[in-house]
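Colleague: I am new to this structure and would like to go through it with you. Could we begin with the charged side chains?

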Amino acid sequence: MDTYRWFVGALSILFFYNFMERYTYLLLDLLTISIPLLRSFEPRIAFYKQWTAWLPAILLTGTFFIVWDVWFTHWQIWGFNERYLLGIYCWGLPLEEWLFFVAVPYACLFLYETIQLLVKRNWLAPYQKLLTGLLILGLVGVGIMHRGQAYTATTCGLTAAFLGFHYFYVRRPYLSQFYMAYLVMLIPFFIVNGILTGSWIEEPVVWYNDQANLGIRWGTIPIEDVGYGFLLILMNLTLYKARQKRSQHRYEPA
């Protein structure tokens, strides 16, 4: 009888483990957004009240990245492990990937606003132009030298172009605040993206074709992902700030 119970228990654990594997990516999305979403209703932050700014920013930026994602998945520059997915697809992308472009930007915009409440001084403001110029030159240089690697060249090129847009046109001090905030965002980034790329689990949720990138990894994370995440959040923040500014002008007394 004891042997039978042990056997049934082992089968139950195995079944539960295999069943839960399919929810790995979905759970990562939900865990990423859960705490920021709950904390958004705290009176001091009240991030939910900014929905007219963050919702359009997330939707517009998400559309751009979804198109990018669809093409790179089609070209097999990266792909997804069905072992960790529900199996629901749209345009060749799993449902969880669509949710990624909502959960991560929302959490990062919330974190950005929280950091601004805690850190009043913009320490990097005097160096914003210099840092941005150096980043643009560095990204352009890497992109040109590795133009044969699609992920590297595309990420470097698009990020450099968007930073150039800030350098020559936007010229807002929040860019240097974002530089500081992104350093903090890299902590949860390495946890979430680490799991997605195979850290602490048997296989990666998202696999990469190393012929399309530099082949340099921080743990299991391709170094290009840092630039990809940088561009994703900066685009969201730029649109978010633009919507905020537009709302302020709309309600200013004549």
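Modeller: Glutamate 203 has a relative accessible area of 32%, so this residue is partly exposed (buried means under 20%, exposed over 50%, partly exposed in between, with a 1.4 Å probe and protein chains only). The model is predicted: local features need pLDDT of at least 70, side-chain atom pairs count only at pLDDT 80 or more, and totals for chains, interfaces and linings use all residues. Residues are numbered from 1 along each chain as its sequence is written, and side-chain values use heavy atoms, leaving out hydrogens and water.

Colleague: Which side chain does glutamate 203 meet in a salt bridge?

Modeller: Glutamate 203 meets arginine 83, at 3.1 Å from N to O. A salt bridge here is a side-chain nitrogen of Lys or Arg within 4 Å of a carboxyl oxygen of Asp or Glu. Glutamate 203 is in the loop between H7 and E4 and arginine 83 in the loop between E1 and E2, so the pair ties together parts 120 residues apart in sequence. Helices (H or I, at least four residues) and strands (E, at least two) are DSSP runs, numbered from the N terminus.

Colleague: Is glutamate 202 buried or exposed?

Modeller: Glutamate 202 counts as exposed because its relative accessibility is 58%. Arginine 83, at 23%, counts as partly exposed.

Colleague: Turning to the rings, how many aromatic pairs does the structure hold?

Modeller: There are 33 aromatic pairs. Rings of Phe, Tyr and Trp (its six-membered ring) pair if their centres lie within 6.5 Å; planes under 30 degrees apart count as stacked, over 60 as edge-to-face and the rest as tilted. Tryptophan 78 and tyrosine 208 form an edge-to-face pair, because their ring centres are 6.2 Å apart and their planes stand at 80°.

Colleague: Where in the chain do tryptophan 78 and tyrosine 208 lie?

Modeller: Tryptophan 78 is in strand E1 (residues 78-80) and tyrosine 208 in strand E4 (residues 206-208), so the pair links distant parts of the chain, 130 residues apart. Both tryptophan 78 and tyrosine 208 are buried.

Colleague: Which residues form one aromatic cluster?

Modeller: Among them are Trp78, Tyr208, Phe100, Phe101, Tyr151 and Tyr228. Tyrosine 151 counts as buried because its relative accessibility is 1%.
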